[in-house]
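Here is a short briefing for a first look at this protein. Keep the sequence and the 3D view open while you read.

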Amino acid sequence: MVRPFFIFGILLWCFACGEKSPEKADAIKINQIQLIGSHNSYKLPVPEGIMAQLQSENTELAAGLDYSHPPVWEQLAMGLRLLELDLYRDPEGGRFSQPLGQDFLETEALDSVKKAAFDRPGFKVFHVQDIDYNSHHPLLVDYLEEMKRWSLLHPNHLPVFITVNAKDDNYPERGLTEALPFDAPSFRELDQILREVLGAEKLLTPTEVTGSHPDLKTAVTESGWPSLDSARGKFIWILDEKGEKMEAYLSGAKSPVFFVTAPESHPMSGIHILNDPIEQQDEIQSLVSKGYLVRTRADADTREARSNETVRREMAFESGAQLISTDYYLPDVRFEGGYQVSFSDGGYWRWNPRFSVAAVNTELAEAPASRVVVLDTKTFHFGRAHFDPLVLDVRTQPEVDEGIIPGAVHIDFMQADFADKAKKLKKDEPVFVYCKVGSRSAKAAEEMKNMGFENVYHLEGGIDGWTAAGFPLSR
(Lines give C-alpha, C1' and ligand atoms only; values in the text may rest on other atoms or scores of the structure.)
Protein backbone atom coordinates (compact mmCIF):
# COMPACT_ATOMS: atom_id res chain seq x y z
CA MET A 1 0.00 0.00 0.00
CA VAL A 2 1.15 3.54 -0.70
CA ARG A 3 1.42 5.70 2.39
CA PRO A 4 1.25 9.33 1.28
CA PHE A 5 0.94 10.85 4.75
CA PHE A 6 4.39 12.26 5.12
CA ILE A 7 6.17 15.59 4.87
CA PHE A 8 8.10 16.07 1.71
CA GLY A 9 11.59 17.47 2.09
CA ILE A 10 12.45 20.53 0.02
CA LEU A 11 15.69 21.16 -1.79
CA LEU A 12 16.91 24.70 -1.13
CA TRP A 13 18.60 26.39 -4.02
CA CYS A 14 20.45 29.70 -4.10
CA PHE A 15 20.42 31.24 -7.52
CA ALA A 16 20.96 34.99 -7.65
CA CYS A 17 18.63 36.68 -10.10
CA GLY A 18 17.92 40.01 -8.44
CA GLU A 19 14.63 39.14 -6.73
CA LYS A 20 13.98 39.86 -3.08
CA SER A 21 14.21 36.68 -1.01
CA PRO A 22 10.96 35.70 0.72
CA GLU A 23 11.26 35.64 4.50
CA LYS A 24 8.27 33.44 5.41
CA ALA A 25 5.86 30.95 3.94
CA ASP A 26 3.11 33.41 3.10
CA ALA A 27 5.59 35.40 0.97
CA ILE A 28 6.31 32.44 -1.30
CA LYS A 29 4.27 32.60 -4.52
CA ILE A 30 3.25 29.73 -6.71
CA ASN A 31 5.52 30.82 -9.55
CA GLN A 32 8.55 30.58 -7.28
CA ILE A 33 8.56 26.79 -7.02
CA GLN A 34 9.27 24.07 -9.56
CA LEU A 35 7.14 20.96 -9.95
CA ILE A 36 7.61 17.68 -11.81
CA GLY A 37 4.56 15.86 -13.10
CA SER A 38 3.30 13.35 -15.62
CA HIS A 39 2.52 13.60 -19.30
CA ASN A 40 -0.75 11.89 -20.34
CA SER A 41 -1.27 10.94 -16.71
CA TYR A 42 -4.22 8.62 -17.42
CA LYS A 43 -2.42 6.30 -19.81
CA LEU A 44 -2.22 2.51 -19.66
CA PRO A 45 -0.16 0.42 -22.11
CA VAL A 46 -1.37 -0.05 -25.66
CA PRO A 47 -2.81 -3.60 -25.85
CA GLU A 48 -0.18 -6.10 -27.02
CA GLY A 49 -1.92 -7.09 -30.25
CA ILE A 50 -2.37 -3.48 -31.31
CA MET A 51 1.22 -2.63 -30.36
CA ALA A 52 2.49 -5.53 -32.46
CA GLN A 53 0.54 -4.23 -35.46
CA LEU A 54 1.85 -0.70 -34.93
CA GLN A 55 5.42 -1.99 -34.73
CA SER A 56 4.96 -3.81 -38.03
CA GLU A 57 3.72 -0.61 -39.69
CA ASN A 58 5.70 2.18 -37.99
CA THR A 59 8.33 1.36 -35.40
CA GLU A 60 8.92 5.01 -34.47
CA LEU A 61 5.22 5.63 -33.82
CA ALA A 62 4.98 2.44 -31.79
CA ALA A 63 7.98 3.40 -29.68
CA GLY A 64 6.48 6.83 -29.00
CA LEU A 65 3.32 5.25 -27.61
CA ASP A 66 5.10 2.66 -25.47
CA TYR A 67 4.70 4.15 -21.98
CA SER A 68 2.13 4.11 -19.19
CA HIS A 69 1.41 5.43 -15.71
CA PRO A 70 0.03 4.19 -12.38
CA PRO A 71 -3.36 5.51 -11.24
CA VAL A 72 -3.64 9.27 -10.77
CA TRP A 73 -4.20 8.96 -7.02
CA GLU A 74 -0.95 7.00 -6.76
CA GLN A 75 0.93 9.66 -8.72
CA LEU A 76 -0.41 12.29 -6.32
CA ALA A 77 0.59 10.11 -3.36
CA MET A 78 4.13 9.94 -4.75
CA GLY A 79 4.36 13.73 -4.78
CA LEU A 80 3.53 14.68 -8.37
CA ARG A 81 1.65 17.97 -8.56
CA LEU A 82 1.32 18.26 -12.34
CA LEU A 83 -1.03 16.09 -14.38
CA GLU A 84 -2.31 15.98 -17.96
CA LEU A 85 -5.60 14.73 -19.40
CA ASP A 86 -6.74 14.34 -23.02
CA LEU A 87 -10.48 14.84 -23.47
CA TYR A 88 -12.88 13.72 -26.19
CA ARG A 89 -16.49 14.75 -26.53
CA ASP A 90 -19.11 12.02 -26.30
CA PRO A 91 -22.43 13.71 -25.45
CA GLU A 92 -24.59 10.70 -26.30
CA GLY A 93 -22.28 7.96 -25.07
CA GLY A 94 -20.99 4.92 -26.91
CA ARG A 95 -19.02 6.78 -29.59
CA PHE A 96 -15.77 5.05 -28.66
CA SER A 97 -17.21 1.82 -27.20
CA GLN A 98 -16.08 -0.46 -30.04
CA PRO A 99 -12.39 0.24 -30.73
CA LEU A 100 -11.26 -0.80 -34.19
CA GLY A 101 -8.14 -2.21 -32.56
CA GLN A 102 -10.31 -5.16 -31.54
CA ASP A 103 -9.39 -6.74 -34.88
CA PHE A 104 -5.83 -7.29 -33.59
CA LEU A 105 -6.79 -8.70 -30.19
CA GLU A 106 -7.63 -12.21 -29.05
CA THR A 107 -9.60 -10.94 -26.04
CA GLU A 108 -12.20 -8.20 -25.66
CA ALA A 109 -10.77 -4.70 -26.11
CA LEU A 110 -12.77 -3.41 -23.14
CA ASP A 111 -13.79 -5.26 -20.00
CA SER A 112 -17.38 -4.93 -18.81
CA VAL A 113 -16.66 -2.06 -16.42
CA LYS A 114 -14.84 0.05 -18.99
CA LYS A 115 -17.35 -0.84 -21.70
CA ALA A 116 -20.14 0.46 -19.45
CA ALA A 117 -18.17 3.66 -18.81
CA PHE A 118 -17.56 4.21 -22.53
CA ASP A 119 -21.28 3.70 -23.13
CA ARG A 120 -22.21 6.50 -20.75
CA PRO A 121 -22.52 10.10 -22.04
CA GLY A 122 -19.74 12.42 -20.97
CA PHE A 123 -16.21 13.58 -21.71
CA LYS A 124 -13.90 10.63 -22.31
CA VAL A 125 -10.21 10.40 -21.40
CA PHE A 126 -7.75 8.54 -23.62
CA HIS A 127 -4.93 9.19 -26.06
CA VAL A 128 -5.93 8.16 -29.59
CA GLN A 129 -9.30 6.74 -30.60
CA ASP A 130 -9.42 3.03 -31.54
CA ILE A 131 -5.66 2.52 -31.05
CA ASP A 132 -4.38 4.02 -27.79
CA TYR A 133 -7.68 4.02 -25.92
CA ASN A 134 -6.56 2.23 -22.77
CA SER A 135 -6.80 4.48 -19.69
CA HIS A 136 -7.41 4.03 -15.98
CA HIS A 137 -10.89 5.56 -16.27
CA PRO A 138 -12.73 6.23 -19.55
CA LEU A 139 -14.82 9.01 -17.95
CA LEU A 140 -13.50 12.41 -16.89
CA VAL A 141 -15.82 12.53 -13.87
CA ASP A 142 -14.09 9.48 -12.40
CA TYR A 143 -10.72 11.27 -12.44
CA LEU A 144 -12.32 14.32 -10.87
CA GLU A 145 -13.81 12.23 -8.08
CA GLU A 146 -10.45 10.57 -7.49
CA MET A 147 -8.64 13.91 -7.35
CA LYS A 148 -11.22 15.39 -5.01
CA ARG A 149 -11.09 12.43 -2.60
CA TRP A 150 -7.30 12.54 -2.52
CA SER A 151 -7.34 16.31 -1.96
CA LEU A 152 -9.82 16.08 0.91
CA LEU A 153 -7.50 13.58 2.57
CA HIS A 154 -4.53 15.95 2.12
CA PRO A 155 -5.86 19.46 2.80
CA ASN A 156 -2.40 21.06 2.91
CA HIS A 157 -1.18 19.75 -0.44
CA LEU A 158 0.61 22.05 -2.85
CA PRO A 159 -1.57 23.27 -5.72
CA VAL A 160 -2.06 20.61 -8.39
CA PHE A 161 -1.82 21.80 -11.99
CA ILE A 162 -3.74 19.90 -14.68
CA THR A 163 -3.22 20.60 -18.36
CA VAL A 164 -5.97 19.53 -20.75
CA ASN A 165 -5.96 18.86 -24.48
CA ALA A 166 -9.38 19.13 -26.13
CA LYS A 167 -8.85 16.37 -28.69
CA ASP A 168 -10.72 16.45 -32.00
CA ASP A 169 -8.09 15.14 -34.43
CA ASN A 170 -9.45 12.78 -37.07
CA TYR A 171 -7.80 10.15 -39.26
CA PRO A 172 -10.26 9.34 -42.06
CA GLU A 173 -7.52 7.66 -44.10
CA ARG A 174 -7.26 5.02 -41.35
CA GLY A 175 -11.00 4.75 -40.80
CA LEU A 176 -10.78 5.70 -37.12
CA THR A 177 -13.84 6.78 -35.16
CA GLU A 178 -14.69 10.43 -35.78
CA ALA A 179 -13.87 12.78 -32.91
CA LEU A 180 -16.33 15.61 -32.37
CA PRO A 181 -15.16 19.25 -32.44
CA PHE A 182 -15.02 21.37 -29.31
CA ASP A 183 -17.11 24.55 -29.40
CA ALA A 184 -18.13 27.23 -26.91
CA PRO A 185 -21.13 25.28 -25.49
CA SER A 186 -19.03 22.14 -24.95
CA PHE A 187 -16.40 24.18 -23.12
CA ARG A 188 -19.10 25.73 -20.91
CA GLU A 189 -20.27 22.23 -20.11
CA LEU A 190 -16.72 21.26 -19.19
CA ASP A 191 -16.39 24.24 -16.84
CA GLN A 192 -19.67 23.34 -15.20
CA ILE A 193 -18.61 19.74 -14.59
CA LEU A 194 -15.35 20.84 -12.97
CA ARG A 195 -17.19 23.21 -10.65
CA GLU A 196 -19.88 20.70 -9.75
CA VAL A 197 -17.58 17.75 -9.02
CA LEU A 198 -14.58 19.46 -7.46
CA GLY A 199 -16.39 22.41 -5.90
CA ALA A 200 -15.52 26.07 -6.33
CA GLU A 201 -13.46 26.01 -3.12
CA LYS A 202 -11.07 23.52 -4.74
CA LEU A 203 -10.34 25.70 -7.78
CA LEU A 204 -7.94 28.57 -8.33
CA THR A 205 -9.30 30.42 -11.37
CA PRO A 206 -8.14 33.28 -13.62
CA THR A 207 -10.79 35.55 -12.11
CA GLU A 208 -9.37 35.06 -8.60
CA VAL A 209 -5.83 35.77 -9.78
CA THR A 210 -6.91 38.83 -11.77
CA GLY A 211 -8.62 40.38 -8.77
CA SER A 212 -9.04 44.14 -9.18
CA HIS A 213 -6.62 44.35 -12.11
CA PRO A 214 -7.97 45.00 -15.61
CA ASP A 215 -6.79 41.62 -16.87
CA LEU A 216 -4.78 38.52 -15.97
CA LYS A 217 -1.65 39.64 -17.78
CA THR A 218 -1.49 42.83 -15.71
CA ALA A 219 -2.17 40.96 -12.49
CA VAL A 220 0.64 38.41 -12.85
CA THR A 221 3.24 40.81 -14.24
CA GLU A 222 2.56 43.65 -11.79
CA SER A 223 1.24 42.09 -8.57
CA GLY A 224 2.32 38.50 -9.11
CA TRP A 225 0.66 35.18 -8.42
CA PRO A 226 -1.14 34.21 -5.21
CA SER A 227 0.89 32.95 -2.30
CA LEU A 228 1.70 29.29 -2.08
CA ASP A 229 -0.20 28.94 1.18
CA SER A 230 -3.37 30.48 -0.26
CA ALA A 231 -3.28 27.97 -3.13
CA ARG A 232 -2.85 24.86 -0.97
CA GLY A 233 -5.54 22.27 -1.40
CA LYS A 234 -6.54 23.63 -4.82
CA PHE A 235 -6.43 22.62 -8.47
CA ILE A 236 -5.29 24.88 -11.31
CA TRP A 237 -6.58 23.92 -14.77
CA ILE A 238 -4.79 24.86 -17.98
CA LEU A 239 -6.25 24.52 -21.48
CA ASP A 240 -3.42 23.50 -23.80
CA GLU A 241 -5.03 24.84 -26.96
CA LYS A 242 -4.40 27.87 -29.11
CA GLY A 243 -6.14 29.70 -31.95
CA GLU A 244 -9.78 28.89 -32.66
CA LYS A 245 -10.23 26.45 -29.78
CA MET A 246 -8.78 28.89 -27.27
CA GLU A 247 -11.04 31.66 -28.56
CA ALA A 248 -14.04 29.32 -28.48
CA TYR A 249 -13.31 28.64 -24.83
CA LEU A 250 -12.99 32.33 -23.98
CA SER A 251 -16.09 33.39 -25.89
CA GLY A 252 -18.89 33.99 -23.45
CA ALA A 253 -16.85 32.77 -20.47
CA LYS A 254 -17.73 35.21 -17.69
CA SER A 255 -15.71 33.36 -15.06
CA PRO A 256 -13.55 30.69 -16.76
CA VAL A 257 -12.14 27.76 -14.84
CA PHE A 258 -9.20 27.28 -17.22
CA PHE A 259 -6.15 29.40 -17.71
CA VAL A 260 -5.45 29.54 -21.44
CA THR A 261 -2.09 29.43 -23.22
CA ALA A 262 -2.49 32.81 -24.89
CA PRO A 263 0.30 34.84 -26.52
CA GLU A 264 2.15 37.24 -24.24
CA SER A 265 0.32 40.20 -25.79
CA HIS A 266 -3.11 38.75 -24.92
CA PRO A 267 -4.94 40.09 -21.83
CA MET A 268 -5.48 36.48 -20.64
CA SER A 269 -1.77 35.70 -20.84
CA GLY A 270 -0.60 34.08 -17.61
CA ILE A 271 0.54 30.53 -18.30
CA HIS A 272 2.62 29.47 -21.30
CA ILE A 273 3.44 26.04 -22.68
CA LEU A 274 6.85 25.77 -24.37
CA ASN A 275 7.69 22.11 -24.70
CA ASP A 276 11.29 22.30 -25.94
CA PRO A 277 13.57 23.57 -23.16
CA ILE A 278 16.61 23.32 -25.42
CA GLU A 279 15.46 25.38 -28.40
CA GLN A 280 13.18 27.60 -26.29
CA GLN A 281 15.47 28.08 -23.29
CA ASP A 282 15.85 31.84 -23.66
CA GLU A 283 12.15 32.36 -24.23
CA ILE A 284 11.24 30.30 -21.17
CA GLN A 285 13.67 32.19 -18.96
CA SER A 286 12.36 35.51 -20.26
CA LEU A 287 8.74 34.61 -19.51
CA VAL A 288 9.62 33.31 -16.05
CA SER A 289 11.50 36.52 -15.25
CA LYS A 290 8.44 38.57 -16.20
CA GLY A 291 6.22 36.68 -13.78
CA TYR A 292 4.56 34.12 -16.04
CA LEU A 293 4.14 30.42 -15.34
CA VAL A 294 5.64 28.07 -17.93
CA ARG A 295 5.21 24.36 -18.59
CA THR A 296 7.86 22.45 -20.49
CA ARG A 297 8.75 18.81 -21.11
CA ALA A 298 11.83 16.92 -19.93
CA ASP A 299 11.34 14.18 -22.54
CA ALA A 300 9.09 13.17 -25.41
CA ASP A 301 8.11 10.05 -27.35
CA THR A 302 10.26 7.83 -25.06
CA ARG A 303 13.46 8.95 -26.83
CA GLU A 304 15.36 10.22 -23.80
CA ALA A 305 14.48 7.16 -21.74
CA ARG A 306 15.68 4.75 -24.43
CA SER A 307 19.01 6.53 -24.86
CA ASN A 308 19.41 7.85 -21.29
CA GLU A 309 20.00 11.29 -22.78
CA THR A 310 19.65 13.88 -20.00
CA VAL A 311 20.37 17.20 -21.75
CA ARG A 312 16.71 18.05 -22.27
CA ARG A 313 15.89 17.20 -18.65
CA GLU A 314 18.72 19.36 -17.28
CA MET A 315 17.76 22.25 -19.56
CA ALA A 316 14.18 21.98 -18.32
CA PHE A 317 15.41 22.24 -14.73
CA GLU A 318 17.71 25.16 -15.53
CA SER A 319 15.10 27.08 -17.51
CA GLY A 320 13.07 27.92 -14.43
CA ALA A 321 9.89 26.60 -16.01
CA GLN A 322 7.66 25.97 -13.02
CA LEU A 323 5.94 22.91 -14.49
CA ILE A 324 8.05 20.08 -15.91
CA SER A 325 6.26 17.19 -17.57
CA THR A 326 7.71 13.71 -18.05
CA ASP A 327 6.78 10.09 -18.65
CA TYR A 328 9.65 8.98 -16.41
CA TYR A 329 9.31 10.29 -12.85
CA LEU A 330 10.04 6.60 -12.26
CA PRO A 331 12.55 4.78 -14.49
CA ASP A 332 11.35 2.21 -17.00
CA VAL A 333 13.12 -1.03 -16.08
CA ARG A 334 13.05 -2.16 -19.70
CA PHE A 335 15.60 0.52 -20.69
CA GLU A 336 19.26 0.55 -19.71
CA GLY A 337 20.64 3.61 -17.96
CA GLY A 338 17.78 4.21 -15.54
CA TYR A 339 16.60 7.50 -17.05
CA GLN A 340 14.46 9.32 -14.48
CA VAL A 341 13.17 12.84 -13.90
CA SER A 342 13.35 13.90 -10.27
CA PHE A 343 15.26 16.49 -8.31
CA SER A 344 18.52 15.71 -6.53
CA ASP A 345 16.72 14.75 -3.31
CA GLY A 346 14.57 12.24 -5.21
CA GLY A 347 11.47 14.43 -4.87
CA TYR A 348 9.23 16.16 -7.37
CA TRP A 349 9.13 19.74 -6.14
CA ARG A 350 11.65 22.30 -5.04
CA TRP A 351 12.45 25.99 -4.83
CA ASN A 352 12.74 27.43 -8.36
CA PRO A 353 16.42 27.99 -9.26
CA ARG A 354 15.56 31.18 -11.17
CA PHE A 355 14.74 32.88 -7.86
CA SER A 356 17.05 33.58 -4.95
CA VAL A 357 16.23 32.40 -1.47
CA ALA A 358 17.87 33.17 1.85
CA ALA A 359 16.08 30.65 4.06
CA VAL A 360 13.11 28.43 3.44
CA ASN A 361 12.37 25.77 6.02
CA THR A 362 10.33 22.60 6.01
CA GLU A 363 7.20 24.48 7.09
CA LEU A 364 6.72 24.96 3.35
CA ALA A 365 6.26 21.23 2.98
CA GLU A 366 2.93 19.41 3.02
CA ALA A 367 2.53 19.19 6.77
CA PRO A 368 -0.28 17.18 8.36
CA ALA A 369 -3.51 19.07 8.98
CA SER A 370 -3.44 20.97 12.25
CA ARG A 371 -7.00 19.84 13.02
CA VAL A 372 -9.07 16.71 12.72
CA VAL A 373 -10.22 16.26 9.12
CA VAL A 374 -13.90 15.47 8.62
CA LEU A 375 -14.59 12.94 5.84
CA ASP A 376 -17.77 12.09 3.98
CA THR A 377 -18.50 8.40 3.42
CA LYS A 378 -17.09 8.28 -0.12
CA THR A 379 -13.81 9.87 0.90
CA PHE A 380 -13.56 7.66 3.99
CA HIS A 381 -14.08 4.61 1.77
CA PHE A 382 -11.55 5.89 -0.79
CA GLY A 383 -8.89 6.55 1.85
CA ARG A 384 -9.49 3.20 3.53
CA ALA A 385 -9.17 1.36 0.22
CA HIS A 386 -6.04 3.09 -1.06
CA PHE A 387 -3.91 4.32 1.83
CA ASP A 388 -4.02 1.55 4.46
CA PRO A 389 -4.92 3.68 7.50
CA LEU A 390 -5.78 2.39 10.96
CA VAL A 391 -9.59 2.33 11.08
CA LEU A 392 -10.80 2.82 14.64
CA ASP A 393 -14.32 2.01 15.86
CA VAL A 394 -15.06 3.87 19.11
CA ARG A 395 -18.56 2.50 19.76
CA THR A 396 -19.62 0.22 22.59
CA GLN A 397 -19.17 -3.54 22.42
CA PRO A 398 -22.91 -4.25 21.91
CA GLU A 399 -22.91 -1.87 18.94
CA VAL A 400 -19.82 -3.52 17.48
CA ASP A 401 -21.46 -6.91 17.82
CA GLU A 402 -24.07 -5.75 15.30
CA GLY A 403 -21.45 -5.06 12.63
CA ILE A 404 -18.13 -3.32 12.09
CA ILE A 405 -16.30 -1.79 9.13
CA PRO A 406 -14.03 -4.59 7.85
CA GLY A 407 -10.54 -4.44 9.33
CA ALA A 408 -11.39 -1.87 12.02
CA VAL A 409 -9.84 -1.92 15.50
CA HIS A 410 -12.22 -1.41 18.42
CA ILE A 411 -11.58 0.87 21.42
CA ASP A 412 -14.67 2.06 23.28
CA PHE A 413 -14.50 5.85 23.70
CA MET A 414 -16.92 5.71 26.64
CA GLN A 415 -14.57 3.54 28.70
CA ALA A 416 -12.12 5.09 31.16
CA ASP A 417 -9.16 3.36 29.58
CA PHE A 418 -9.71 4.80 26.07
CA ALA A 419 -6.72 7.16 26.28
CA ASP A 420 -4.40 4.48 27.65
CA LYS A 421 -5.31 2.08 24.84
CA ALA A 422 -5.16 4.77 22.16
CA LYS A 423 -1.65 5.82 23.24
CA LYS A 424 -0.37 2.37 22.26
CA LEU A 425 -1.25 3.01 18.62
CA LYS A 426 1.32 4.42 16.19
CA LYS A 427 1.03 8.21 16.12
CA ASP A 428 2.67 8.64 12.74
CA GLU A 429 0.09 6.51 10.92
CA PRO A 430 -3.21 7.94 9.65
CA VAL A 431 -6.19 7.10 11.86
CA PHE A 432 -9.76 6.93 10.53
CA VAL A 433 -12.20 7.16 13.45
CA TYR A 434 -15.92 6.40 13.38
CA CYS A 435 -18.87 5.76 15.68
CA LYS A 436 -22.63 5.41 15.10
CA VAL A 437 -23.49 8.89 13.76
CA GLY A 438 -20.30 10.94 14.20
CA SER A 439 -20.60 12.59 17.62
CA ARG A 440 -18.34 10.29 19.65
CA SER A 441 -15.85 9.89 16.82
CA ALA A 442 -15.46 13.66 16.55
CA LYS A 443 -14.63 13.85 20.25
CA ALA A 444 -12.37 10.80 20.14
CA ALA A 445 -10.53 12.13 17.10
CA GLU A 446 -9.99 15.48 18.78
CA GLU A 447 -8.60 13.77 21.86
CA MET A 448 -6.24 11.71 19.72
CA LYS A 449 -5.08 14.81 17.88
CA ASN A 450 -4.27 16.38 21.25
CA MET A 451 -2.31 13.24 22.15
CA GLY A 452 0.01 13.91 19.21
CA PHE A 453 -1.44 11.74 16.46
CA GLU A 454 -0.41 13.43 13.20
CA ASN A 455 -3.20 12.56 10.77
CA VAL A 456 -6.61 12.03 12.33
CA TYR A 457 -9.86 11.77 10.38
CA HIS A 458 -13.40 11.12 11.49
CA LEU A 459 -16.38 9.83 9.53
CA GLU A 460 -19.21 12.33 9.26
CA GLY A 461 -22.51 10.50 9.69
CA GLY A 462 -20.80 7.52 11.27
CA ILE A 463 -21.47 3.90 10.50
CA ASP A 464 -25.13 4.73 9.84
CA GLY A 465 -24.06 6.89 6.91
CA TRP A 466 -21.60 4.21 5.82
CA THR A 467 -24.29 1.54 5.54
CA ALA A 468 -26.80 3.96 4.00
CA ALA A 469 -24.25 4.57 1.23
CA GLY A 470 -24.16 0.83 0.54
CA PHE A 471 -20.71 0.08 1.98
CA PRO A 472 -20.20 -3.29 3.69
CA LEU A 473 -19.90 -4.41 7.31
CA SER A 474 -18.40 -7.52 8.82
CA ARG A 475 -20.02 -9.30 11.73
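Three residue pairs are in polar contact across the interface of domain 1 and domain 2, with both residues at pLDDT 80 or more. The model is a predicted one.

**Layout**

- The protein splits into domain 1, residues 33-351, and domain 2, residues 371-469.
- Nine residues of domain 1 and 11 residues of domain 2 make up the contact.
- The centres of the two domains, taken over C-alpha atoms, lie 36 Å apart.

**Buried area**

- The size of an interface is often expressed as the accessible area lost when the parts come together.
- Here, domain 1 and domain 2 bury about 860 Å² between them.
- Carbon and sulfur atoms account for 74% of that area.
- Within domain 1, the residues that lose the most area to domain 2 are Trp73, Arg149 and Leu153.
- Together these three make up 71% of what the domain 1 side buries.

**Charged link**

- How many salt bridges are counted between domain 1 and domain 2? The count is one.
- A salt bridge joins the side chains of Arg149 and Asp376, at 3.3 Å from N to O.

**Make-up of the domain 1 side**

- Which helix gives the most to the side of domain 1 that touches domain 2? It is α5, with five residues.
- By type, the residues on this side are six nonpolar, one polar and two charged.

**The five-stranded sheet**

- Five strands form an open sheet in the order β3-β2-β4-β5-β6, and the pairing is mixed.
- β3 (124-125) and β6 (258-260) are the edge strands, each pairing on one side only.
- β4 (residues 160-166) runs parallel to β5 (residues 235-239), and five bridges link the pair.
- Val164 has Leu239 in β5 as its bridge partner.

Methods:
Residues are numbered from 1 along each chain as its sequence is written. This is a predicted model: local features need pLDDT of at least 70, side-chain atom pairs count only at pLDDT 80 or more; totals for chains, interfaces and linings use all residues. Side-chain values use heavy atoms; hydrogens and water are left out. Domain bounds come from an automatic or database domain assignment. Contact means heavy atoms within 4.5 Å. Buried area is the accessible area (1.4 Å probe) that two parts lose on being put together, summed over both. A salt bridge is a side-chain nitrogen of Lys or Arg within 4 Å of a carboxyl oxygen of Asp or Glu. A polar contact is a pair of N or O atoms within 3.5 Å; within protein, one must be able to donate a hydrogen and the other to accept it, and residues adjacent in sequence count only if both atoms are side-chain atoms. Helices (H or I, at least four residues) and strands (E, at least two) are DSSP runs, numbered from the N terminus. Ala, Val, Leu, Ile, Met, Phe, Trp, Tyr, Cys and Pro count as nonpolar, Asp, Glu, Lys and Arg as charged, and the others, Gly among them, as polar. Two strands pair if DSSP finds at least two bridges between them.
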